[in-house]
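Student: Could we go through this model together, with each cut-off spelled out as it comes up?

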Amino acid sequence: MKIMTCPVNGPRPLQEFVYGGDVTEMPCPDQVTDEQWAAYVFERDGAPGPHKEWWYHAPSGVWFIAERDTGTDEISNTYLYNG
Amino acid sequence: MPHRLLRFGLSKEYNEPRMFRSPEQLKKSYDVVIIGAGGHGLATAYYLARDHGITDVAVLERAYIGSGGTGRNTAIVRANYLTPEGVAFYDESIRLFQDLSADLDLNLFYSQRGHFTLAHSDASLRTMRWRAEVNKHLGVDSELVDTAFIKEKCPHIDLSCGGHAPVMGALFHPPGAIARHDAVAWGYGRGADQRGVEIHQQTEVTGIVVKGDKVTGVQTNRGTIETSKVVCAVAGYTPPILEMVGIKTPLVIQPLQACVSEPLKPWLDTIIVSASLHLYVSQSSRGELVMGASLDPYTIHSTRSTLDFVEGLSGHLLDLFPFLGDVKILRQWAGLSDMTPDFSPIMGLTPVEGFYLDAGWGTWGFKATPVCGKTMSYTVSENKPHPLIEPFRLSRFKEFELVGEKGAASVGH
């Protein structure tokens, strides 16, 4: 069974987690052109490699960030968002 | 048969005629280079040679013909989509599929079965009615049917669905069909090869030479080629190729898994799909049940198989066909799906002159193989998008003109 480490609940089976997509920085909607906004909304880095992603631990309702290689599926780090 | 097989098996020199040549050397230059010898790439090469007289074409394939999505899908062909753009496009594909065996002089086992998309709730019935009306309006044979009709066409089905999600009706699409997917690639490959196209397997593209926003060449592990036109038709492997030319897209890769059961006597004539149960199933001409479910729930560039998938799928299959409890799963596999946010493909011209994109094939690529070849070959030879693929252009995202096909493109979304 594949295990992921929740920063709050520790190592848990992957079935308990929900993938939330890449972490992206939202630009200020008032200060960008339509084209820049479209790039923020749609453009993704789809190539295999290290990614910073949102993940959700469903039973406890914790959103956190995982650093994962989408080519090898290795998770190198998980931590809470510190914005 | 055994004698014939033995003759070739024991001979040191294998003389069985091959379907296509394996040219030893890459030429210095080609008019068109196609990356990816799957159905789409080979169909594009075939129609370039047959319809547009462009035969100086190389198709480069990293592994072997049909090793990607072409040989990993569940081989369903249908046109009962939701948007007028999608319906027109996939309907043209069905028309091409229907006489493709004769066209390619190869039996593709194209078998028209009738395609049921089951509805288990009022909400999905409503979507089915919507799709049926769009389809009928555009001349595609599609209608909403009641449970008695489903039972008549597929007597083995348990419409109560184990009691927890009773079937309320279905979208019935008579032209829905299955075909032998690798034969489609082989047929197009042979047709292209006979017309002078070179197919280079085990040839990996390592770079694309772009000078001043114009393609001038392709670098491979077997040397560099000069060319002014490159078609990228590698579906799930598209993002790394796009990095070579510096184009950004919304493509995200997720695996899609499938499996087959052991062969059974023919009992399932129709193709049964249930979005609520995340299941589609048909019986191949070999007797195996060919089954698939929804996408794996997160991005990963790997064709690994999981127990989660086969467990979930078997459970849902037994809801509809409880008598299959003793049937064994023979094998399972996965393919890479390049998903777009609107569930429509990305096709046509790009900001880099001479670089043509045929991507975003997610879970709907096989059924589009012939029409992709037709429209991409037109696009490459005329350097302008074919009218059928104009709505699928890459620039639709920045123009906020998406083609929302999510309700009809695949199950479980």
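This is a predicted model: local features need pLDDT of at least 70, side-chain atom pairs count only at pLDDT 80 or more; totals for chains, interfaces and linings use all residues.

Tutor: Residues are numbered from 1 along each chain as its sequence is written, and chains are lettered from A and ligands numbered from 1 in the order in which they are written.

Student: What is the mean pLDDT of chain B?

Tutor: pLDDT is the predictor's confidence in each residue, on a scale from 0 to 100. In chain B, 98% of the residues reach 70 or more, and the mean is 94.

Student: In what order do the elements of chain A run from the N terminus?

Tutor: Helices (H or I, at least four residues) and strands (E, at least two) are DSSP runs, numbered from the N terminus. Chain A has one helix and six strands, and from the N terminus on they run β-β-β-α-β-β-β.

Student: Which helix gives the most to the side of chain A that touches chain B?

Tutor: Counting two residues as in contact if their C-beta atoms, placed from the backbone, lie within 7 Å, twelve residues of chain A are in contact with 19 residues of chain B. With three residues, the element of chain A that gives the most to this side is helix H1 (residues 34-42).

Student: Why do the buried residues of H9(B) line one face of the helix?

Tutor: A residue is buried if 20 or more other C-beta atoms lie within 10 Å of its own, exposed if 12 or fewer, and partly exposed in between, with C-beta atoms placed from the backbone. In H9(B), the buried residues are B:Phe309, B:Leu313, B:His316, B:Leu317, B:Asp319 and B:Leu320, whereas B:Leu307, B:Glu311 and B:Gly315 on the other side are exposed. Taking the directions from the helix axis to the C-beta atoms, the buried residues line one face because, seen down the axis of H9(B), they fall within an arc of 150°.

Student: Which residue in E8(B) stands opposite B:Ile76?

Tutor: Two strands pair if DSSP finds at least two bridges between them, and three strands of chain B form an open antiparallel sheet in the order E3-E8-E4. The edge strands, each pairing on one side only, are E3 (76-77) and E4 (111-112) of chain B. E3(B) pairs with E8 (residues 177-178) of chain B over two bridges in the antiparallel sense, and opposite B:Ile76 stands B:Ile178.
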